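Good morning, and thank you for the time.

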Amino acid sequence: MDLYQLFKTRTPIIGVVHLLPLPTSPRWGGSLKTVIDRAEQEATALASGGVNGIIVENFFDAPFSKNQVDAAVVSAMTVVVQRIQNMVTLPIGINVLRNDAKSAMAIASCVRAQFIRVNVLTGVMATDQGLIEGEAHQLLRYRRELGCDVKIFADVLVKHARPLSSPNLTVAVQDTIERGLADAVILSGWATGSPPNQEDLELAAQAAAGTPVFVGSGASWENVATLLQAADGVIVSSSLKRHGRREQTIDPIRVSQFVEAAHRSWNNRGDRKSISSVSLKS
């Protein structure tokens, strides 16, 4: 996958819009307009701060269903993503938690989003939702049936989970790419907001052999320069929230601070990547 073709930079920063609880989730507040308003606000803050892409996920729907969300969640996310696309022109990704990759692919195909995130594409993980099995064979065939080219970003040894087999990172990365046909892989820490180990990042990059490797959690303005020494890009949310608290909204100042720190790291290495301009729709 050519990151520059998709994100107009070879080291993309992808901000996350955490949607407020959606219909049928335990904390659903009864107003989709409230969900949309906050999502539009956060997407605009991310774009204004200089990120290169946005991923939308039903983060506040916890506790999550294991592998198939209610149809109302799919409908709501489709509406929200379309509204965000009216506000910004950045590449959009979709993550339907906990592991409803088929719904994510369906939404992405219909709204012409560019990528999805899949927590478990291959293997079996023990999670707080129970055992989750990767269904790469179904997802790849579904993408072909839809006739779309939505890219698949797949977590390797995903956070908030433990593998049933031996947690060999090199094998997990290679299987996700070679047997699961992931377009990019994501490495996270053990939980939301915790970064991956730098040695693990370097090992994953080596095993990926040219397939893009993203940091999936724990990136901040303090550590992004170090993380990008091994990773090709970052997916970031918690450290961009007001006061760094995940329940808060995106803080445009924190976004700018994070992006500037990433750009400084490129300058210091003498190989700064192409930076896309702010992409907002009037």
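Let me start with Phe 59, which is buried, having a relative accessible area of 16%; buried means under 20% relative accessible area, exposed means over 50%, and partly exposed lies in between, all with a 1.4 Å probe and protein chains only. Phe 60 is also buried, at 11%.

A word on provenance. This is a predicted model, in which local features need pLDDT of at least 70 and side-chain atom pairs count only at pLDDT 80 or more, whereas totals for chains, interfaces and linings use all residues. Residues are numbered from 1 along each chain as its sequence is written, and side-chain values use heavy atoms, with hydrogens and water left out.

To the aromatic pairs, then. A pair of aromatic rings is described by the distance of the centres and the angle of the planes. Here, rings of Phe, Tyr and Trp (the six-membered ring for Trp) pair if their centres lie within 6.5 Å; planes under 30 degrees apart are stacked, those over 60 are edge-to-face, and the rest are tilted. The count under this rule is 5 aromatic pairs. In one of them, Phe 7 and Phe 115, the ring centres are 5.7 Å apart and the planes stand at 70°, so the arrangement is edge-to-face. Phe 7 belongs to helix α1 (residues 3–7) and Phe 115 to strand β4 (residues 115–118), so this pair ties together parts 108 residues apart in sequence. Helices (H or I, at least four residues) and strands (E, at least two) are DSSP runs, numbered from the N terminus. Phe 7 is buried, with a relative accessible area of 1%, and Phe 115 is likewise buried, at 0%. Phe 59 and Phe 60, with which I began, also form an edge-to-face pair, at 5.1 Å centre to centre and 90° between the planes. Finally, ring pairs join Phe 7, Phe 115, Phe 153 and Phe 214 into a cluster.

One further ring deserves mention. Lys 102 lies over the face of Tyr 142, 4.8 Å from the ring centre. The criterion is that NZ of Lys or CZ of Arg be within 6 Å of the ring centre and within 35 degrees of the ring normal.

I turn now to charge pairs. Side chains of opposite charge can pair when their charged atoms come close. How many salt bridges does the structure hold? There are 8, a salt bridge being a side-chain nitrogen of Lys or Arg within 4 Å of a carboxyl oxygen of Asp or Glu.

Among them is Arg 38 with Glu 42, whose closest N and O atoms are 3.5 Å apart. These two residues are 4 apart in helix α2 (residues 32–49), and therefore separated by about one helical turn. Arg 38 and Glu 42 are both buried.

Another salt bridge joins Glu 40 and Arg 83, at 3.1 Å from N to O. This pair links distant parts of the chain, with Glu 40 in helix α2 and Arg 83 in helix α3 (residues 71–87), 43 residues apart. Glu 40 is buried at 13% relative accessible area, while Arg 83 is partly exposed at 35%.

Arg 143 and Asp 183 form a further salt bridge, with the closest N and O atoms 3.1 Å apart. Here too distant parts of the chain are linked: Arg 143 is in helix α5 (residues 136–146), and Asp 183 is in the loop between α6 (169–179) and β9 (184–187), 40 residues away. Both Arg 143 and Asp 183 are buried.

On a 1 Å grid over the protein atoms alone, a cavity is a set of points where a 1.4 Å probe fits but cannot get out, and a pocket is an open set with protein on both sides within 12 Å along at least five of seven lines; lining residues have an atom within 4 Å of a point. Grid points are joined across faces, edges and corners, and a volume is the space filled by probe spheres set on the points.

The search of the whole structure finds 1 cavity of 30 Å³ or more. The largest cavity holds about 40 Å³, and its lining consists of Ser 220, Trp 221, Ser 239, Leu 240, Arg 254, Gln 257 and Phe 258.

The second largest pocket holds about 280 Å³. Its lining has 20 residues, with Thr 122, Gly 123, Leu 157, Ser 165 and Ala 172 nearest the centre. The element that gives the most to this lining is α6, with 4 residues.
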